[in-house]
Amino acid sequence: MQYDVVVIGSGPGGYVGAIRCAQLGLKTAVIEKYKTFGGTCLNVGCIPSKALLDSSEHFHNAAHTFKTHGIELKDLKVDMPQMIARKNDVVNQNTAGIQYLFKKNKIDAFEGVGSFVDKNTIKITKADGSTETITAKNVIIASGSKPTALPFLPVDKKRIITSTEALNITEVPKQMIVIGGGVIGLELGSVYARLGTKVSVVEFLPSIIATMDAGLGKELQRVLKKSLGMEFYMGHKVTGATAKGKKVTVTADNAKGEKVTLEADYCIVAVGRTAYTAGLGLENIGVTTEERGNKIPVNEHLETSVPGVFAIGDVIKGAMLAHKAEDEGVYVAERIAGQKPHINYNLIPGVVYTWPEVASVGYTEEQLKEKGTQYKAGSFPFKASGRAKASMDTDGFVKVLADASTDEILGVHMIGPRAADMIAEAVVAMEFRASAEDIARICHAHPTYTEALKEAAMAATENRAIHI
């Protein structure tokens with residue numbers, strides 16, 4: 001065989017899996033459809049959205065909190081083309097980094113669409129229509145996902161757009177409608193709301209970020225409404241959207257079945273993502289995708305029904321998270337090399353990069369109630385945190401859920417400043433099956449945001465939080 005491993009796709013799962021394969025001495029190649037590496041995450045997902053979130057947060061603070069800090073500004077304005085240019089530079093730095101890592105690890109990279117001729121033969125179709133063929137002992141499918149389309153709501157990529165186009169708007173819209181109250185919709189909605197856009201979120205379910213602990217969604221909705229003026233239309237079923245000139249009209253039915261009409265300059269359709277398997281030639285090796293979500297079925301070792309063909313990341317079951325894909329890439333590489341790796345899917349954290357940030361790991365209260373697990377809960381608000389007061393970030397809380405009899409931490413849920421970074425402490429603790437008492441007994445530096453986690457753990461054990 002020409003290669004030990006061929007990876008189709010260079011997103012977080014694909015490129016990390018390829019690098020780990022190379023580290024383990026496997027001759028490795030990567031096939032990427034686009035001209036740049038990094039997949040959705042680096043090009044039109046995690047990285048560019050965080051760049052815009054940071055830029056917009058700087059502007060929002062300059063406009064609303066700098067005066068309180070004793071900083072006077074005049075003639076504050078948004079230079080949207082420069083903001084987009086900075087975002088593009090961040091993307092370029094990251095994608096170039098992947099190219100460097102491939103060269104460093106002696107990984108061969110091919111540009112084109114990779115498709116199966118048979119389970120060991122991959123055809124690469126290039127942009128000009130020419131083809132070449134390579135062979136491999138093992139293949140890892142890491143083709144990712146794309147924004148989910150609604151059949152009754154055609155995206156024109158001009159006024160009715162997806163998250164991809166939302167990253168390149170070179171003006172500050174007066175009004176924007178976001179269809180979907182999940183992570184992607186709320187993050188992008190936050191970007192423009194901070195810059196002065198009137199943002200309306202239309203969500204079918206009764207709560208935003210519905211897969212996370214219910215208390216987080218309730219608090220986030222309250223804060224986004226209070227601090228950014230975002231409007232929420234919960235329990236609304238979108239029935240259509242039309243674009244005429246520079247205006248978009250969205251129609252929906254509310255919980256009572258009444259018709260609701262909203263108008264805006266742009267409408268972002270953010271109702272989730274669908275596994276991307278087009279052009280892979282799965283039919284040539286006898287692999288069929290699931291009817292719902294188009295995902296590729298895999299066993300407990302992430303192997304498809306065809307021996308030696310694996311799939312990871314957004315294209316298989318589970319949360320569509322870059323860090324999940326990365327762990328799965330490493331897992332498959334080590335399985336191919338004969339090792340026995342392990343992933344605890346219950347301890348993969350979820351994060352929403354709004355402000356305040358939202359982060360969660362383990363079981364939610366709703367899940368524990370459904371399972372009939374006896375648990376105790378402790379929470380601590382950031383308004384009682386000295387560090388949060390110093391930075392004027394007092395919204396939100398940390399909640400610790402622990403087993404009622406063993407005190408083992410079962411879930412940690414937080415909304416507040418730097419929650420995306422703080423959740424790592426909870427993940428480490430839970431990987432080592434720590435108790436709430438363990439966290440309560442660990443000395444945390446003062447003043448820090450992480451003291452809120454310690455206080456919440458103390459609250460969960462004998463309700464003995466000190467600072468509230």
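Biologist: What makes up the cover over the buried residues of helix 3?
Modeller: The cover includes helix 2 (39-44), helix 4 (80-104), helix 6 (183-194) and helix 7 (214-228). Contact here means heavy atoms within 4.5 Å. The model is predicted, with local features needing pLDDT of at least 70, side-chain atom pairs counting only at pLDDT 80 or more, and totals for chains, interfaces and linings using all residues. Residues are numbered from 1 along each chain as its sequence is written, and side-chain values use heavy atoms, with hydrogens and water left out.

Biologist: Which residues of helix 3 are called buried?
Modeller: Among them are Pro 48, Leu 52, Leu 53, Phe 59 and His 60. Buried means under 20% relative accessible area, exposed over 50%, and partly exposed in between (1.4 Å probe, protein chains only); the residues named are therefore under 20%.

Biologist: Why are strand 12 and strand 13 called paired?
Modeller: Pairing requires that DSSP find at least two bridges between two strands. Strand 12 (residues 237-244) and strand 13 (residues 247-253) have 7, in the antiparallel sense, so they qualify. Gly 240 stands opposite Thr 251. The hairpin has 2 residues between the strands, and Gly 245 takes a positive phi near 65°.

Biologist: What joins strand 13 to strand 14?
Modeller: 6 bridges join strand 13 to strand 14 (residues 259-264), running antiparallel; the two strands therefore pair as well. Ala 252 stands opposite Val 260. This hairpin has 5 residues between its strands, and Gly 257 in the turn has a positive phi of about 85°.

Biologist: How do you know that Ser 143 makes a polar contact with Tyr 276?
Modeller: A polar contact is a pair of N or O atoms within 3.5 Å; within protein, one must be able to donate a hydrogen and the other to accept it, and residues adjacent in sequence count only if both atoms are side-chain atoms. A polar atom of the Ser 143 side chain lies 2.7 Å from the backbone oxygen of Tyr 276, so the distance is within the cut-off. Ser 143 sits in the loop between strand 6 (131-141) and strand 7 (145-147).

Technical notes: Helices (H or I, at least four residues) and strands (E, at least two) are DSSP runs, numbered from the N terminus.
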